[in-house]
Amino acid sequence: MPTPASQQGGSVPGPAGPAESAPAVPASLAVPVVVDTIEGVGREPEGVVVAPDNRTVYVADQGARRVFFIDASSRKVTALEVPITPRFMALSEDGGRLYVSMFENDYSANGMALIDTAKRSVVMSVTTGPRPFEPGVAPDGRVWLPIHNGARVEIYDGGTLAKLSQISVPPNPHWVDFAPDGSRAYTSDHESNRVSVIDTKSEKVLSNIPVGRSPHSVAVTPDGATVVVTNYDVNTVETYDTKTLKLTKRYRVGKLPQAVIVSADGVHAYVVNEGSDTVSVLNLIEKQVTATVRVGDSPRVIAVSPDGRRLYVTAGRDGAVTVLKAAEQ
């Protein structure tokens, strides 16, 4: 995924080489089960991603200038200071580099940090446009960063954080995700009620799809056929065919749906409802809501472990992460 693929609803691992067999993708549950709550994860946890080996969960604490590392087995939590208040995160494909978008509440400082996950240290940080939101790592390793208050996406080299280019989109982009082959990027443009479709090679906007009010998050299914969009101010989620760009289904969910991801098997989408303290589960095949699961207070962002077995939801007002069983063991 992009970063990693299962985090953003992007591609799943391709066929294995002749000397090895690809791991089976577990069937996702229609009703995920809460199995744990990990506390002590900052003052206001927001962004969350999971390492490719499923062993470490990374959380951005927007209540302070800290990024937390959670050992998924022991539940041990450690913190790393970053230079600006962290918001959202993405991982390189190999999990070695963690990219953190950062900005202060008054936008006096805006940037992106690069963290070496093995050394657990900040390698560098760069200044970005105002109010950078959820970064995404394209299959070619470039980091795409939606600039909320700049109506653009900035593109960075994944190793050096050198700024390579930028693309204007309608105001104001929150999220970005990619087609599994990396040919297209999709951004949710919150104030414009649009999802932009971008050709990643030419860096041209191909279309701005009219969607529901205040699209906050987007996720592409592993087969690349569908893009899922959360409409924050009208409590709906919509799915669009990526070939025709036509609406295929509108779902009613909880209040203020902020973030969405897709299960590793592509069957279910998981939607964080910030205003309802719940996660809605959508069956994308049967096109129905299968469950509404209670999680922590003011949930913000959700991540799925690359093996598809666990969901991690940040609870902004609890300073905690809710852990759910997403597939049978």
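This is a predicted model: local features need pLDDT of at least 70, side-chain atom pairs count only at pLDDT 80 or more; totals for chains, interfaces and linings use all residues.

Q: Where is the pLDDT below 50?
A: Over residues 1–20. Beyond near neighbours in sequence, that stretch has 65 contacts in the model, a contact being heavy atoms within 4.5 Å.

Q: New topic: how many cavities of 30 Å³ or more are there?
A: Two. The search uses a 1 Å grid over the protein atoms alone, and a cavity is a set of points where a 1.4 Å probe fits but cannot get out. Grid points are joined across faces, edges and corners, and the volume is the space filled by probe spheres set on the points.

Q: What lines the second largest cavity?
A: Pro-26, Ser-28, Ser-263, Ala-264, Tyr-270, Val-304, Gly-308, Ala-326 and Ala-327. Lining residues have an atom within 4 Å of a point. The space inside is about 30 Å³.

Q: And how does that lining split by class?
A: Six nonpolar, three polar and no charged residues. Here Ala, Val, Leu, Ile, Met, Phe, Trp, Tyr, Cys and Pro count as nonpolar, Asp, Glu, Lys and Arg as charged, and the others, Gly among them, as polar.

Q: OK, single residues. Where's His-190?
A: His-190 sits in the loop between strand S15 (184–189) and strand S16 (194–199). Strands are DSSP runs (E, at least two residues), numbered from the N terminus.

Q: Is His-190 buried or exposed?
A: Buried, because its relative accessible area is 12%. Buried means under 20%, exposed over 50%, and partly exposed in between (1.4 Å probe, protein chains only).

Q: What does His-190 touch?
A: Leaving aside neighbours within four places in sequence, its contacts include Pro-171, Asn-172, Tyr-232 and Asp-233.

Q: Which peptide bond joins Pro-171 and Asn-172, cis or trans?
A: A cis one, with omega about -15°. Most residues other than glycine have a negative phi, and most peptide bonds are trans. Asn-172 lies in the loop between strand S13 (163–168) and strand S14 (173–178).

Q: So what's phi like at Leu-161?
A: Near 60°, a positive value in a residue that isn't glycine. Leu-161 is in the loop between strand S12 (152–156) and S13, and counts as buried because its relative accessibility is 2%.

Q: And what about phi at Asp-277?
A: Also positive, about 60°, although Asp-277 is not a glycine. Asp-277 is in the loop between strand S23 (268–273) and strand S24 (278–283), and is buried at 15% relative accessible area.

Q: Last one: is Lys-201 buried or exposed?
A: Exposed, since its relative accessible area is 80%. Lys-201 is in the loop between S16 and strand S17 (204–210). From Lys-201 to Val-31 the gap is 170 residues in sequence and 39 Å in space, C-alpha to C-alpha.

Notes: Residues are numbered from 1 along each chain as its sequence is written. Side-chain values use heavy atoms; hydrogens and water are left out. pLDDT is the predictor's confidence in each residue, from 0 to 100. On a 1 Å grid over the protein atoms alone, a cavity is a set of points where a 1.4 Å probe fits but cannot get out, and a pocket is an open set with protein on both sides within 12 Å along at least five of seven lines; lining residues have an atom within 4 Å of a point. Helices (H or I, at least four residues) and strands (E, at least two) are DSSP runs, numbered from the N terminus.
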